Amino acid sequence: MAVSRHGSGVRADIRAYASQVHPVFMLPPVAASLFGAVLTTDFELVPAAVHAVAIFAAVYTAHVKDGYVDYHVRGEDDDHPLTVAGCRFGLVGATTLFAGATLVLAVDVTLLAAVLTLPTWVIAYLHAPQLDVHPIGATMGYPAGIGVAILGGYASQTGAVSTLAMAFAFVFVLVLTGIKIVDDTTDVAYDRTIRKRTVAVVLGPDRAVALAYAVISVGLAICLAFALVGLFPPGSVAAVLSLALVAIAAHRAPPKLATMLLIRGSYVFLAVLVAAVWFEPLASVL
Ligand SMILES: CC(C)=CCC/C(C)=C/CC/C(C)=C/COP(=O)(O)OP(=O)(O)O
């Protein structure tokens with residue numbers, strides 16, 4: 001049974017499945033999982049890697065299902081590399097990998113880590129066609145997945161969640177929600193034609209952009225406040241400053257450029273937070 005729509009043979013099949021690895025969407029959740037793990041004092045590589053694999057498999061599930069729904073069910077996309085059977089095999093494969101990694105977490109690491117990992121697959125599987133047609137689901141599914149990935153990464157090290165992990169998860173959910181609202185302002189006209197109700201479709205682009213930057217600002221202000229009260233390491237202030245500067249530049253830019261800037265800004269935000277947590281380089285000077 002053919003799995004690739006473009007060519008036959010093992011190479012074509014591998015290419016088709018590899019096309020569903022979207023680094024822009026996949027790196028942040030995997031990095032969030034590892035970030036949760038490095039928030040703990042004793043970092044253990046194996047449970048961190050198992051959790052990261054589960055998160056990768058969840059996001060892969062989301063992409064295969066989204067591609068299947070957008071091309072084969074809704075007829076929205078012009079092309080898709082996988083046949084219907086290919087999508088189904090991909091879903092079964094990714095889900096099996098997810099289940100295996102989650103089972104390892106439950107049996108060999110801690111039950112809480114597994115329990116916190118499960119919602120990521122549920123969000124991923126339901127992204128299309130259920131969540132992506134509703135303004136809250138379309139906007140907050142991915143940020144919520146990142147938040148839970150941070151908590152699961154933390155729990156995979158400690159068997160517990162902490163105020164620190166929850167606070168970081170909360171900040172990321174807010175900041176990424178704002179960025180996703182901006183992202184959806186790039187597709188308002190098209191999304192209206194396919195009845196996809198993003199925040200930008202419901203509120204209109206101008207009010208959506210105002211809401212987006214308000215949500216990002218609240219997220220950054222909370223991050224700053226957590227740094228000032230000593231919950232977050234002092235270097236978090238540098239992370240806030242870097243994303244705030246990017247957000248100021250993005251605010252004046254057209255939607256596509258603004259989205260591109262904010263997504264890259266969020267990578268820098270995470271990277272500076274990792275450095276702040278791991279090395280605490282500014283601790284001695286602040
Ligand atoms: C661990 C974790 C983060 C879990 C959540 C996984 C999740 C919901 C991923 C979404 C990835 C995806 C299909 C993005 C494109 O969606 P789109 O609907 O904006 O784009 P489209 O218009 O191309 O369908």
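**Exercise 1. Describe the fold of this predicted model from its order of secondary structure.**

Solution. Read along the sequence: the protein chain runs α-α-α-α-α-α-α-α-α-α-α-α. Now count: twelve helices, zero strands.

**Exercise 2. Decide whether the radius of gyration of the protein chain agrees with that of a compact globule.**

Solution. Start from the chain length, 286 residues. Next, take the box along the principal axes: the C-alpha atoms fill roughly 60 × 50 × 30 Å. Then turn to burial: buried residues make up 48% of the 286. Finish with contacts between residues at least 6 apart in sequence: 71% of them join residues at least 24 apart.

**Exercise 3. Classify the ring pair Phe-35 and Phe-172, and say which helices it joins.**

Solution. The structure holds nine aromatic pairs. In this one, the ring centres lie 6.0 Å apart and the planes meet at 65 degrees. The cut-off for edge-to-face is over 60 degrees, so the pair is edge-to-face. Phe-35 sits in helix α2 (residues 23–38) and Phe-172 in helix α7 (residues 163–184), so the pair ties together parts 137 residues apart in sequence. Both residues are buried. Both also belong to one aromatic cluster, along with Phe-168, Phe-226, Phe-232 and Phe-269.

**Exercise 4. Classify the ring pair Trp-121 and Tyr-125.**

Solution. The centres are 4.9 Å apart and the planes are at 15 degrees. Planes under 30 degrees apart count as stacked, so this pair is stacked. Both residues lie in helix α5 (residues 111–126), four residues apart, about one turn of the helix. Tyr-125 has a relative accessible area of 30%, so Tyr-125 is partly exposed.

Technical notes: Residues are numbered from 1 along each chain as its sequence is written. This is a predicted model: local features need pLDDT of at least 70, side-chain atom pairs count only at pLDDT 80 or more; totals for chains, interfaces and linings use all residues. Side-chain values use heavy atoms; hydrogens and water are left out. Helices (H or I, at least four residues) and strands (E, at least two) are DSSP runs, numbered from the N terminus. The radius of gyration is taken over C-alpha atoms; the globule rule is 2.2 Å times the number of residues to the power 0.38. Buried means under 20% relative accessible area, exposed over 50%, partly exposed in between (1.4 Å probe, protein chains only). Contact means heavy atoms within 4.5 Å. Rings of Phe, Tyr and Trp (its six-membered ring) pair if their centres lie within 6.5 Å; planes under 30 degrees apart count as stacked, over 60 as edge-to-face and the rest as tilted.
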